[in-house]
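Hello,

Here is the structure we talked about handing over. My notes on pockets, cavities and packing follow below it.

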Amino acid sequence: MLVTETADKIKRMEIRGAGRIARAAAQALRDCAEFPLSKNDLGTFRSGMQRAAQVLVATRPTAVSLPNAVHIVLAGLEGATTLDSAREGVIRRAEAFIDSSRHAVEQIARIGARHIADGDTILTHCNSEAALACIIQAHRDGKSIEVFATEVRPRNQGLVTIRTLNDAGIKTNFIVDSAVRSFINDIDLVIVGADAVTVNGAVVNKIGTSQVAHSASEARVNVLVAAETYKFAPRTIIGELIEIEERPPQEVLPDEIARTLPHVTVRNPAFDVTPADYIDLIVTEAGAIPPQMAYVIIREYLGWGIEEFHKAFEINTRHEE
Ligand code: RUB
């Protein structure tokens, strides 16, 4: 698929969910690397790949999986001295990323399922491949479980979730988002996914996740986040904030109604931030960690330590002098 086509599908949310977005971007870069060039030289290839990366990263600002995936794939350009080796580097990196992303979900499912007990009632919010994989694995392991799934206004990702759970044969209750607190005392465990995990263990996920986690914390229900290591945000080490995507108001209120309400402004943030205090465990493919250990993942699995940032800063400062 062409880069512009993939970018368009991500923007329109035809491809959605942090893991799927990351794999689609990697696949688009892979296909782009194979594309014949008008000028067959390494410089043209490099700048073409950089431009493609920018187009993909600009589609949705919150899911850190997207720039992380692009960064991992473009590392295939490093050290390449010929066009062929650069092409091969990008293709190899992209395929390896897609493969490892799928394996990561399988591994998260195995680890996450261990934290689900026979007889548990689980609440999930939005549609997370990683979170659902844990729930489905527990069901496959023979545990008797029941799920509460939220509707997820305004884009109704809950419909995708209940279809998947239904197809897996899991007993599921479908509730509106505002009913979470009414049912929280029936819940044993909350499992959600993540679009980004910051260095201090806060989790950015679908709008409403923080309300779910707050209710769970108040009711002493454990909250488990299923997140691949490439959803951890390296630049939060230097205090960079995760941008929260604000989507079109028409998703919430149709224009014909909005037009009759000139004093009303519709706000439509797509994600929110759940502080580490409300999270018990983050299940990654490398193991289950308390949120406070997020830095270890950023350093050991993504290879970004504070020293790298210091080095980068020194270089920048020298340039500015
Ligand atoms: C999707 C969402 C999901 C995370 C994790 O939001 O918030 O919980 O992306 O999903 P949207 P996964 O529908 O706006 O993309 O585990 O599949 O990566």
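**Notes on the model**

Q107 has a relative accessibility of 28%, so it counts as partly exposed. Please keep in mind that this is a predicted model. Q107 belongs to helix α5, which covers residues 83–114. Between the C-alpha atoms of Q107 and D255 there are 44 Å, with 148 residues separating the two along the chain.

The largest pocket holds about 410 Å³ of space. It has 19 lining residues, and those closest to its centre are V64, P67, N68, R235 and E240. Helix α4 (residues 65–74) provides the largest share of this lining, with four residues. Sorted by class, the lining of the largest pocket contains eleven nonpolar, four polar and four charged residues. The largest pocket lies between domain 1 (3–105) and domain 2 (114–320), because both give residues to its lining.

The second largest pocket has about 330 Å³ of space. Its lining consists of 16 residues, with V3, C32, F35, G48 and A52 nearest the centre. Two or more lining residues come from each of α1 (3–11), α2 (18–34) and α3 (42–57). Of these, α3 gives the largest share, seven residues.

**Cavities**

How many cavities of 30 Å³ or more does a search of the whole structure find? There are two. The largest cavity has a volume of about 230 Å³. It is lined by 25 residues, of which R16, G17, A18, N127 and D195 are closest to its centre. At least two lining residues come from each of α2, α6 (129–140) and β6, and α2 supplies the largest share, four residues. The lining of the largest cavity is made up of eight nonpolar, eight polar and nine charged residues. Domain 1 (3–105) and domain 2 (114–320) each contribute at least three residues to this lining.

The second largest cavity contains about 50 Å³ of space. Among the residues lining this cavity are M13, R60, R153, R155, K206, R247 and E251. By class, its lining has four nonpolar, two polar and six charged residues.

In soluble globular proteins, nonpolar side chains tend to be buried together. Here the largest nonpolar core has 63 residues, and the members that touch the most others are V190, F232 and I282. The largest contribution to this core, eight residues, is from α2. Since domain 1 (3–105) and domain 2 (114–320) both give residues to this core, it lies between them.

What does I282 contact, leaving aside its neighbours within four places in sequence? The list is V197, G201, V203, V225, A227, F232, G287, A288, I289 and P291. Another core lies apart from the largest one; it has 21 residues, including I116, C134, V147 and L224.

Helix α9 (residues 209–218) has T209, S210, V212, A213, S215 and A216 buried. Among the elements covering the buried residues of α9 are β1 (121–124), α8 (180–183), β4 (189–192), β6 (203–206), β7 (222–226) and β8 (271–274).

Regards

Conventions:
Residues numbered from 1 in each chain as written. Predicted model: local features only at pLDDT ≥ 70, side-chain atom pairs only at ≥ 80, totals over all residues. Heavy atoms only, no water. Buried < 20%, exposed > 50% of the residue type's maximum accessible area, 1.4 Å probe, protein only. 1 Å grid on protein atoms, 1.4 Å probe; cavity = no way out; pocket = protein on both sides within 12 Å on 5 of 7 lines; lining within 4 Å. Points joined across faces, edges and corners; volume = space filled by probe spheres on them. Nonpolar A, V, L, I, M, F, W, Y, C, P; charged D, E, K, R; others polar. Domains from an automatic or database assignment. Core = buried A, V, L, I, M, F, W, Y, C linked by side-chain atoms within 4.5 Å. Contact = heavy atoms within 4.5 Å.
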